[in-house]
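Here are a few friendly notes to read alongside the model. Take them one at a time, and find each spot in the viewer as you go.

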Amino acid sequence: MVFFAEAYLSALLRYGVLDASGKRIGTLEDLLVRLDEKFPEVVCLVLRRPGTKEPQYLSWTAVRTASREGVRLSGPLDAFTPLERPAETISLRHDVLDRQIVDVSGQRVVRVHDLKLGAVGNRVLLTHADIGSRGLLRRMGWEHFVLGFLRTFGAQLPEKLIAWEHVRVPSRGTGAALEVDRGRDALQRMHPADLADIAEELSAPERAAFLGAMDEETAADAMQEMEPEAQVAVVNELPDQQAADLIDEMDPDAGADLLADLPQERANTLLNLMEPEEAGDLRRLLAYAEDTAGGLMTPELVTVPEGVTAARALELVREGAQEVEDLYYLHIVDEDNRLVGMLSLRELIMAAPTALLEDLMHRETVTVTPDTPQHDLAHIVSRYNLLAIPVVDEERHLLGIVTSDDAIDSAIPTSYKKRLPRVFARR
């Protein structure tokens, strides 16, 4: 088979389809590819014959040449058996062209204006997505005119191409597997805030498919960086069990906030699908108003008894840290889980291994109660330069902590807050 060294889909779709004798038998309506390789291979052409309602699928192996005269078959049309649409293929015209895609290399969502294909041996591969103005001009048939006009003024209009190996399609094409699965490793290396930016530019079904293709931990981290209405839209698109698993993986305070934004019946359904311990934590948080310390706190923290040495405390921190996302201070409690003192991790590391915590800890600590308003939390964080505030009840039983970013959330919009530098960035 002879094919252009490179060609654009928009140009190919203007070509006629010819039989071996050169007789025009129809037009090229579409090309189908399989997404099982870095650069997908064209496996099928879609022929539209005059006066027919249904297109005809032909194997790409039936093509002898594709040139400016058209797409010529290697024999008469009746020599080729019409196909059903091949499984696990996507349509370049209907599933990719004009759709939003994820450029993993640039960590952004872009729109496909045209597609570039190239011949490699006897195969034709999808090599690039054209996301620039030239792709639009080419489809309208104005590219050469506009380029010529610009040249008279010494100006240029460069192409903007993304190699297809860096492309992830966040929505399902007809009959196709979710292509983002193939790029899972690349996506998981991106920062959650970047994934959230990408997800928020998609439609609700695409957003759910995009996050649903990741592992639960990565998706949960990205969800926490999204605006509340976008989080709700994702959950509304997911099956109950998948939504429950995703919320279960989020930080408890963030998961509780999301559940509070759902209809009570749906929230209860999701809670009943979670592990009892995690569901219990979320139910306790839901009992507090969202804009209070109780509603913002996370119960996930590391505590150690006051009578241990610094060496033993470090061992306990290492054991507990595996289950805790935010670890800034060491909270020392008595046998009834009452907060008796605190220690920074730096102070713990610098202490002599045999030193007792009761001799090292700060007994006068800044604490808040569950009903402390969020605006007061922001003031306390700023005044005392804290990374987290312990939340205690009237008898100083330790209930949880409010991290500084949650405390200032009311003063800084999510879209800006997630771009601020972090003391501890998630990985």
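1. Let's begin with a pair of side chains. In this predicted model, the side chains of E29 and R48 are joined by a polar contact of 2.7 Å. To count as a polar contact, a pair of N or O atoms must be within 3.5 Å, so look for that pair when you zoom in on E29 and R48.

2. Where does E29 lie? You will find E29 in strand β3, which covers residues 24-34. Is E29 buried or exposed? Its relative accessible area is 16%, and buried means under 20%, so E29 is buried.

3. Now look at what surrounds E29. Leaving aside residues up to four places away in sequence, E29 touches L13, V46, R48, P55 and R93. L13 is 16 residues apart from E29 along the chain, and the C-alpha atoms of the two are separated by 6.1 Å.

4. Next, move to T89, which sits in strand β8 (residues 89-91). With a relative accessible area of 0%, T89 is buried. Which backbone oxygen does the side chain of T89 reach? The side chain of T89 reaches that of P86, at 2.9 Å.

5. L136, M140 and W142 make a nonpolar surface patch of about 310 Å². W142 belongs to the loop between α3 (133-140) and α4 (143-151). The relative accessible area of W142 is 48%, so this residue counts as partly exposed: exposed would need over 50%.

Methods
Residues numbered from 1 in each chain as written. Predicted model: local features only at pLDDT ≥ 70, side-chain atom pairs only at ≥ 80, totals over all residues. Heavy atoms only, no water. Helix = DSSP H or I, 4+ residues; strand = E, 2+ residues; numbered from the N terminus. Buried < 20%, exposed > 50% of the residue type's maximum accessible area, 1.4 Å probe, protein only. Polar contact = N/O pair within 3.5 Å; in protein donor to acceptor, adjacent residues only side chain to side chain. Contact = heavy atoms within 4.5 Å. Patch = residues over 30% accessible without salt bridge, like charges linked within 9 Å, V, L, I, M, F, W, Y side chains within 5 Å. Areas by Shrake-Rupley, 256 points an atom, 1.4 Å probe, with all protein chains shown as cover. Salt bridge = Lys/Arg side-chain N within 4 Å of Asp/Glu carboxyl O.
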